Amino acid sequence: MKVIIDGLRKAFESRVRLGIMSALAVNDTLEFTALKEYLDVTDGNLASHIKALEKEEFIGVKKSFVNRKPNTRYFMTKQGKKAFEEHISALEKLIKSQK
């Protein structure tokens, strides 16, 4: 059993972080407001989880201006994609081992 859970990442234990990574897994980039609405969280809550994922270098940020308004978009890094795929694979193995 230990071998299966070794692939699980603590960074993805949070519902919000798992949601961020799931959303970014199927989208090249997403704006802060889109993530906030999709996950139904506050600005501060989302910002703290994004900061934690950035610290792990699992997601990156692109800042720009659209019609003179700041626009912040997030994307999954190669390292983040690999870590997330390993996490999902470990979850699948854990589930299958319980059947």
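**Helix packing and burial in a predicted model**

The buried residues of helix H4 pack against helix H2 (15-25), helix H3 and strands E2 and E3. In this predicted model, the buried positions of H4 are Leu 46, His 49, Ile 50 and Leu 53. These residues cover an arc of only 100° around the axis, and they therefore lie on the same side of H4. An α-helix has 3.6 residues a turn, so residues three or four places apart point the same way. The face of H4 turned away from the buried side carries the exposed residues Lys 51 and Lys 55. The length of H4 was also examined: its 13 residues, at 1.5 Å a residue, should span 18 Å, and the end C-alpha atoms are 18 Å apart, in agreement with that expectation. H4 is followed by Glu 57, for which phi is positive, near 65°.

The setting of this helix is a protein chain with five helices and three strands. Read along the sequence, these elements follow the pattern α-α-β-α-α-β-β-α. The C-alpha trace of the chain spans about 55 × 25 × 20 Å along its principal axes. Of the 99 residues in the chain, 33% are buried. Among contacts with a separation of 6 or more, 56% are accounted for by residues 24 or more positions apart.

The packing of H4 with H3 was considered next. Two packed helices are described by the angle between their axes and the distance between the axes. Helix H3 (residues 32-39) and helix H4 (residues 43-55) pack at an angle of about 110°, with axes 10 Å apart. An angle from 65 to 115 degrees counts as roughly perpendicular, and H3 and H4 are therefore roughly perpendicular to each other. On the H3 side, the contact is made by Phe 32, Leu 35, Lys 36 and Leu 39, and on the H4 side by Asp 43, Leu 46, Ala 47 and Ile 50. By class, this contact of H3 with H4 has six nonpolar residues, no polar residues and two charged residues.

Lys 36, in helix H3, is partly exposed, with a relative accessible area of 28%. Leaving aside neighbours within four places in sequence, Lys 36 is in contact with Val 41, Thr 42, Asp 43 and Leu 46. Lys 36 and Ala 47 are eleven residues apart in sequence, and their C-alpha atoms are 9.3 Å apart in space.

Most residues other than glycine have a negative phi. Asp 40, found in the loop between H3 and H4, has a positive phi of about 55° although it is not a glycine. The relative accessibility of Asp 40 is 66%, so Asp 40 counts as exposed. Asn 67, in the loop between strand E2 (59-66) and strand E3 (69-76), likewise is not a glycine and has a positive phi, of about 50°. With a relative accessibility of 73%, Asn 67 counts as exposed.

Strand E3 contains Thr 72. This residue has a relative accessible area of 19%; the threshold for burial is under 20%, and Thr 72 is therefore classed as buried. Not counting residues up to four places away in sequence, Thr 72 touches Leu 30, Glu 31, Phe 32, Val 61, Lys 62 and Lys 63.

A corresponding analysis was made for helix H5. The 20 residues of H5 should span 28 Å at 1.5 Å a residue, and the end C-alpha atoms are 29 Å apart, which agrees. Gly 80, Ala 83, Phe 84, His 87, Ala 90 and Leu 94 are buried in H5. Seen down the axis of H5, these buried residues fall within an arc of 125°, so they line one face of the helix. Lys 78, Lys 82, Lys 93 and Lys 96 are exposed on the other side of H5. His 87, one of the buried residues of H5, has a relative accessible area of 4%. Residues up to four places away in sequence being left out, His 87 touches Gly 7, Leu 8, Arg 9, Phe 12 and Leu 18.

Methods
Residues numbered from 1 in each chain as written. Predicted model: local features only at pLDDT ≥ 70, side-chain atom pairs only at ≥ 80, totals over all residues. Heavy atoms only, no water. Axes fitted to C-alpha atoms, helices over the stretch in contact; angles between N-to-C directions. Helix = DSSP H or I, 4+ residues; strand = E, 2+ residues; numbered from the N terminus. Parallel < 35°, antiparallel > 145°, perpendicular 65-115°, else oblique. Contact = heavy atoms within 4.5 Å. Nonpolar A, V, L, I, M, F, W, Y, C, P; charged D, E, K, R; others polar. Buried < 20%, exposed > 50% of the residue type's maximum accessible area, 1.4 Å probe, protein only. Expected span 1.5 Å × (residues − 1). Arc of directions from axis to C-beta.
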